[in-house]
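Trainee: I have a structure open and would like to learn how to read it. Can we take one feature at a time?

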Amino acid sequence: MAAEKEKIPLKFHRMSGVEQYAGLDDFLSRLHFRREVKSFSNSEIPIEIIKNAIKAAGTSPSGANQQPWSFVLVSDPKVKTQIINEVRSETRTLEQAPYIVVLLKQKYGVEKNDSGKTIKVKHYYPNESVGICGGFFITALNQAGLHYNLHKPVKSLSSILQRPENEEPFMVFSIGIADEWEDKKLHNLQDFVSFDFEIGSGKFEMSAEPSHESGPALSSADYYDRIKKRRNVRDFSQEEIPAPLLTKAFRALYSSPFSDSYRFAVISNEETKALIRDKAEEEEKKFYEEKITNEWRDVLKPLGTNWEKAHLTDAPYLIIGFKVTNDIGQESMFMDKNQPIVSSAVNTGILMSALHHANLCMLTHTPSPMVFLRDLLHRPKNEVPIVVIPVGYPADQCQVPNISKKPLKDILTTLTESEGEPS
Ligand SMILES: Cc1cc2nc3c(=O)[nH]c(=O)nc-3n(C[C@H](O)[C@H](O)[C@H](O)COP(=O)(O)O)c2cc1C
């Protein structure tokens, strides 16, 4: 049984406003406007860069810290050919790309119990968690100056890659350096993000034309060092944060491969936040006192959480993430029921990475159930809330659970020419 662990002080270095903007601008300068790659150049890319991007992805938040993901990194031409045959991608980038990465979701965990018997462990919010991890991975690739296309995560890849039964492909990337791009229309962020306050002086802060070019790449090891400092914070200060800094962070979504099936609503109104807190605590009280299973209680124990959710009113802003069904654009790659959750979760990951670089703190909170948010915020039936993200500065003396992330060797299998066999 999991034990409640001691908490440790949050390592947070408060910056000046100027430094916060500089941090975000620096991050955004390396995110170019997302376009499909038409062809990859044959430049050599050291495998360590990809491995560091996977390490960065492995720092992402997950339901009850279960980290229900694994990655397969392929450069072996034989395996690549097998993948290409299965995925039957219309683009040629899979053939040309020096690397293919498959991100897999672990539908459930497999552990040994105290008597040594192998048992299945239920995973909580695996789609949301793996999607956010995918968003972290995409951001790490962008920051390192790499380009990618996405391909259909067909189920048959599991057997080609010899994956265990509990895993299924979630996202497939061809990765390299582009030398030709497809044209793409700019997606209008204003249609996907709404604020309950006026932004700027009537001019939408996010609408500045995003660049097709990106700034000089950051070493992927340095990016890993920056993103690994992110922690979920549950004790917020009530201090205001600069609203333009928050709104600017949304520009990171221009770099997303998903330009539909998601929505973010940003709430600052005290009354609305209080209503959300009341309702969330009502649901959470029922959950913690009546509905919680022993298994769920056990996985939550190391986090020391309870039904009280002061962060919903203490944090100056709440960002509510929605998946949007019946709104799947023509360019959607999944073209199936998974598109909305993948799109909204990946975009959550990209947004969280941006907010972290603005030196802001967050929590990925999933009140259970949370559909009440749709009605409270007057959203239509096809919008389903997936996460509530309070954003602000941490409270003085803020502490976080003393938990760790899986080492790279536990989440990554590499299939390179020299290795051939899964390692
Ligand atoms: C999809 C998802 C749902 C989560 N739900 C909650 C939640 O309802 N309450 C909470 O306190 N933390 C929640 N978390 C935060 C995780 O517990 C946290 O990410 C994990 O323990 C790892 O800690 P870290 O993010 O500080 O690295 C959630 C995280 C994810 C990705």
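Trainee: Where is proline 369 placed?

Mentor: This is a predicted model, and in it proline 369 sits in the loop between β13 and α13 (372–376).

Trainee: What is the peptide bond from serine 368 to proline 369, cis or trans?

Mentor: Start with the general idea: most peptide bonds are trans, and most residues other than glycine have a negative phi. Here the bond from serine 368 to proline 369 is cis, and its omega is near -5°.

Trainee: Which value does phi of asparagine 65 take?

Mentor: Phi of asparagine 65 is near 55°, which is positive although the residue is not glycine. Asparagine 65 belongs to the loop between α2 (47–57) and β3.

Trainee: How many helices and strands does the protein have?

Mentor: There are 14 helices and 16 strands. The radius of gyration is 21 Å, close to the 22 Å that the globule rule gives for 423 residues, so the protein is as compact as a globular protein of that length. Along the principal axes, the C-alpha trace spans about 60 × 55 × 40 Å.

Trainee: How do I read a sheet? In what order do the strands of the sheet with β13 come?

Mentor: List the strands across the sheet, then look at the two ends. The order is β10-β11-β12-β14-β13, an open sheet of 5 strands with mixed pairing. β10 (193–195) and β13 (361–362) each have a single partner strand, so one side of each is left without a neighbour in the sheet.

Trainee: How many bridges join β13 to β14?

Mentor: 2 bridges join β13 to β14 (residues 383–392), and these strands run antiparallel. Within that pair, cysteine 361 stands opposite glycine 392 of β14.

Trainee: Which order do the strands have in the open sheet with β7?

Mentor: That sheet also has its strands listed from end to end: β7-β8-β4-β3-β16, 5 strands with mixed pairing. Its edge strands are β7 (147–151) and β16 (412–415), each pairing on one side only. From one strand to the next, the twist averages 25°.

Trainee: How many bridges join β7 to β8?

Mentor: β7 and β8 (residues 167–176) are joined by 5 bridges and run antiparallel.

Trainee: Now the ligand. Which residues come nearest to it?

Mentor: The ligand has 21 residues around it, and those that come nearest are Arg231, Asn232, Arg234, Thr366 and Lys405.

Trainee: What distances separate polar atoms of arginine 231 and the ligand?

Mentor: A polar side-chain atom of arginine 231 is 2.7 Å from a ligand oxygen atom. For arginine 230, an N or O atom in the side chain is 3.0 Å from an oxygen atom of the ligand. With asparagine 232 the atom is a backbone N or O, 2.8 Å from an oxygen atom of the ligand.

Trainee: How much of the ligand's accessible area does the protein cover?

Mentor: On its own the ligand has 620 Å² of accessible area, and the protein covers 94% of that.

Technical notes:
Residues are numbered from 1 along each chain as its sequence is written. This is a predicted model: local features need pLDDT of at least 70, side-chain atom pairs count only at pLDDT 80 or more; totals for chains, interfaces and linings use all residues. Side-chain values use heavy atoms; hydrogens and water are left out. Two strands pair if DSSP finds at least two bridges between them. Helices (H or I, at least four residues) and strands (E, at least two) are DSSP runs, numbered from the N terminus. Axes are lines fitted to C-alpha atoms, for helices over the stretch in contact, and angles run from 0 to 180 degrees between N-to-C directions. A residue is near a molecule or strand if one of its heavy atoms lies within 4 Å of it. A polar contact is a pair of N or O atoms within 3.5 Å; within protein, one must be able to donate a hydrogen and the other to accept it, and residues adjacent in sequence count only if both atoms are side-chain atoms. Accessible areas come from the Shrake-Rupley method with a 1.4 Å probe; for residues, only the protein chains shown count as cover. The radius of gyration is taken over C-alpha atoms; the globule rule is 2.2 Å times the number of residues to the power 0.38.
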